[in-house]
Amino acid sequence: MKKWSFDTIAIHGGFDWEESLKYNSIVVPIIQSAVYPYESAQYAADLYSYKIEGYSYGRIDNPTVAAFEKRMAALEGGEAGLGAASGMAALFMIVHHLVEQGSEIVSSNRVYGGTFQLFSATMPKMGVKVRWVSQPDNISSWEEAITPETRLLHVESPSNPLLFVGDVPAIGELARSRGIPLVVDNTICTPALMRPLELGADIVYHSCTKYISGNSTSLSGVIVGKKDFLTHVRREGYRNMGPSLSPFNAWLCLLGLESLSLRMERHSSNAMTIARYLEKHPKIASVNYPGLESHPQHKVAKRQMKAFSSLMSFNIKGELDDARRFIDALQLCVHTTHLGTSKTIAIQPAATTHWQMGPEERKKGGIEDTMIRFSVGLEDPDDVIADLEQALEKV
Ligand SMILES: Cc1ncc(COP(=O)(O)O)c(C=O)c1O
């Protein structure tokens, strides 16, 4: 039979007709069970000595989570998947497995705040150092950061909140030439818009809390990569630290995947409409969206992404208080820290998520006081524009 294409895998992957008949359900069942009965002493012995595959204990594996892992692996074009309690849990599992005391991580410095904290505050406690690449659009900056202790290269593309787009094929080629794995945070694209493994990455992970689950219902994460690698992670760090994905949250992610392609298309076209509107608005100083020709990595984004997703940031003319007034005036767009969901969301990073950095560090990192991070949802873009219009009138 013909190999399934992306949209078919998103609906049927990981739960085939036979399984459907076994459970007498067209929907992947939620196996809400912490443990699984073993059919015999021999079966249990074989399971625990890894002679056979099966479900042993809910912290390590679960049939609902397994369906999600298989579907994600197929969508990313990887050998296997591993569900995690959150995007951060997924990243920590990858890094923990690749490093030891004295190792180094080389990462683009344009990363989500939680990733920045994990690499710069938590990993040093384990004797692991991060070398930040401060010009991640320049491949020689990556080359210069690599030392004999480097155990992984890490890039988030596009990045949150600065929308830096990493050239995955170029970084992947460098990683391969040095025998170091490239780890890509594919949260903002999802496999519907970019497939990093095909572009030269070795390991991909997601915060499925965002577009994959899609409705702000659940914390969730996933890793996709080689089967051997993920088997080792499952049998060691994952088993010993317990960052497993709950069956119910895996089920919500499975539901989300069924409409992922459609949603990413609409997220992207809505975002493009709104970015074009903002670009022309007299009270807006700049718009940062990879879909705009003015974005510094627009060409790279065009090469490696099917569409440009829905995260953007823009600067309001004026000062911190002007941006604050704008936020307070919004009526439809939700003011919170989240992104990648059906509702449009706005936040002022300088006053919230990046406040702790202080004004100097923020300036260095390109986080202006007047910056708004904006995640465009699935509402009618005309309604979002009407809300932006009335809020900008109050600035
Ligand atoms: C790009 C990116 N990666 C990772 C994470 C962490 O995900 P989680 O909140 O699911 O742990 C986030 C969270 O906002 C994110 O935006």
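Guide: Let's begin with the contacts. Of those in the chain with a separation of 6 or more, 72% are between residues 24 or more positions apart. Please keep in mind that this is a predicted model. The chain has 16 helices and 12 strands. Its radius of gyration is 22 Å, close to the 21 Å that the globule rule gives for 395 residues, so the chain is as compact as a globular protein of that length. Along the principal axes, the C-alpha trace spans about 75 × 50 × 40 Å. Buried residues account for 55% of the 395.

Now to the sheet you asked about. Five strands make up this open sheet, and their order is β8-β9-β12-β11-β10, with mixed pairing. At its edges stand β8 (284-288) and β10 (334-335); each has a single partner strand, so one side of each is left without a neighbour in the sheet. In general, strands of a sheet pair through backbone hydrogen bonds, either parallel or antiparallel. For β11 (residues 345-347) and β12 (residues 371-375), the sense is antiparallel, and the pairing runs over three bridges. Within that pair, Ala-346 stands opposite Phe-374 of β12.

Asn-288 and Tyr-23 are 265 residues apart in sequence, and their C-alpha atoms are 48 Å apart in space. Tyr-23 itself belongs to helix α2 (residues 17-23). With a relative accessibility of 29%, Tyr-23 counts as partly exposed, since that value falls between the 20% and 50% cut-offs. Setting aside residues up to four places away in sequence, Tyr-23 touches Phe-15, Pro-29, Ile-31 and Pro-63.

At 1% relative accessibility, Thr-190 counts as buried. Beyond its neighbours within four places in sequence, Thr-190 is in contact with His-206, Tyr-211, Ile-212, Leu-260 and Met-264.

The chain exposes about 17,900 Å², of which carbon and sulfur atoms supply 52%. There are 39 positive and 44 negative side chains, and the centres of these two sets lie 1 Å apart.

Methods
Residues are numbered from 1 along each chain as its sequence is written. This is a predicted model: local features need pLDDT of at least 70, side-chain atom pairs count only at pLDDT 80 or more; totals for chains, interfaces and linings use all residues. Side-chain values use heavy atoms; hydrogens and water are left out. Helices (H or I, at least four residues) and strands (E, at least two) are DSSP runs, numbered from the N terminus. The radius of gyration is taken over C-alpha atoms; the globule rule is 2.2 Å times the number of residues to the power 0.38. Buried means under 20% relative accessible area, exposed over 50%, partly exposed in between (1.4 Å probe, protein chains only). Contact means heavy atoms within 4.5 Å. Accessible areas come from the Shrake-Rupley method with a 1.4 Å probe; for residues, only the protein chains shown count as cover. Lys and Arg count as positive and Asp and Glu as negative; His and the chain ends are not counted. The place of a charge is taken as NZ of Lys, CZ of Arg, CG of Asp or CD of Glu. Two strands pair if DSSP finds at least two bridges between them.
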